Amino acid sequence: MTCGKECQLGPPSKNSYMHRYSSMVKDTPKIPGYPICDKQWSSLQLKITDMAFLADTAYKIKSENKTNIANIVNNYFMDRNLQWTVESVNNKKPFFFHIRHPSSKVNVVSIRGTVDARDWFENAKMWNEIAVFQLISVALPIQHLPFEFVAFFIAKSASIDYLLHRSTYGYYFKPLEDYIKAERNASEEEYYLVGHSLGGGLAKIIGSRNKIPAIAISSPGEIYNHIKFDYTLEDVQTYTTTVRAQNDLVTWIDRSGGLIQHVECDNSDFLKCHSIYKTYCELKKKCHATTRIHCPGDPKAMDVVMERLHRNVNMNE
């Protein structure tokens with residue numbers, strides 16, 4: 001599943017008075033939220049909508065130009081006065097960018113998801129054994145086999161790759177993992193990994209292998225691959241968070257561990273339910289978040305309304 005422009009978020013609003021709007025509008029009855037809405041990461045109190053936004057921003061990588069990423073990220077966080085520096089932008093596969101909040105020493109590495117045929121190939125290479133196993137289990141009762149046996153079988157099914165390409169078996173995410181290891185070894189700062197689709201799967205694998213909190217949106221699972229990629233189930237349960245949209249077939253591959261949040265998708269089309277834009281807007285609505293990303297259901301002509309509020313505030317000051 002590729003994530004084109006229709007799958008991604010639009011640019012953050014450039015209005016500097018979002019906080020005025022959110023504090024002045026009349027309270028409306030709130031829709032019950034998801035449990036993950038109360039989850040916060042780091043001393044910056046980053047929310048799941050923030051993590052989903054950062055996962056989407058990885059799709060905006062066009063070159064190694066740090067200015068573009070910095071502008072997008074800092075515009076989004078402007079109302080909270082969070083200024084990030086862009087430490088690195090990698091426009092070679094796997095695409096990722098690394099941002100850092102200097103005063104709190106919080107780092108976030110965002111990994112891009114599936115975009116082209118090469119990404120599809122890497123998806124297949126990393127999850128092909130469990131995908132085939134699950135497909136066969138539809139017709140045969142092998143899904144009832146002991147859990148660890150399945151994980152062992154998946155690892156051994158890749159034995160040819162291990163024998164022929166052992167040193168490069170994890171080559172697709174190895175440059176990223178090496179980068180993160182080097183950065184962490186040079187400091188004792190906080191690190192978080194985020195990603196959508198393939199990017200989320202990579203985030204959870206690298207996070208589990210290196211004990212780094214990883215937040216994935218609409219990604220394949222990582223449980224049955226834990227022997228294949230050499231991490232423990234305990235680390236999966238401790239360090240991974242997954243948001244799964246209803247009817248998204250990508251999330252059916254393997255099995256996710258750790259904290260899992262299922263979210264609604266009002267469309268039976270799995271391609272649309274895989275869209276990070278739809279998932280972001282669902283989280284924004286249910287978490288009652290006020291952000292600079294416009295979603296369906298937001299007040300119409302929102303910019304006009306906020307402009308009027310802004311003028312009224314200035315007149316009364």
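Q: What does the protein chain average in pLDDT?
A: The protein chain averages a pLDDT of 82, and 76% of the residues score at least 70, where pLDDT is the predictor's confidence in each residue, from 0 to 100. This is a predicted model, in which local features need pLDDT of at least 70 and side-chain atom pairs count only at pLDDT 80 or more, while totals for chains, interfaces and linings use all residues. Residues are numbered from 1 along each chain as its sequence is written, and side-chain values use heavy atoms, with hydrogens and water left out.

Q: Where does the pair Cys37 and Cys287 sit in the chain?
A: Cys37 is in the loop between helix 1 and helix 2 (48-57), and Cys287 is in the loop between helix 11 (276-286) and helix 12 (302-316), so that the pair links distant parts of the chain, 250 residues apart. Their sulfur atoms are 1.9 Å apart, and the torsion about the S-S bond is about -75°, so the disulfide is left-handed.

Q: Are Cys37 and Cys287 buried or exposed?
A: Cys37 is buried, and Cys287 is buried too; buried means under 20% relative accessible area, exposed over 50%, and partly exposed in between (1.4 Å probe, protein chains only).

Q: And what does Cys281 pair with?
A: A disulfide joins Cys281 to Cys295, with an S to S distance of 2.1 Å. Cys281 lies in helix 11 and Cys295 in the loop between helix 11 and helix 12, so this pair ties together parts that are 14 residues apart in sequence.

Q: Why does Cys265 count as buried?
A: Cys265 counts as buried because its relative accessibility is 9%. Cys265 forms a disulfide with Cys273, their sulfur atoms 2.1 Å apart, and Cys273 is buried as well, with a relative accessible area of 1%.

Key
A disulfide is a pair of cysteine sulfur atoms within 2.5 Å. Helices (H or I, at least four residues) and strands (E, at least two) are DSSP runs, numbered from the N terminus.
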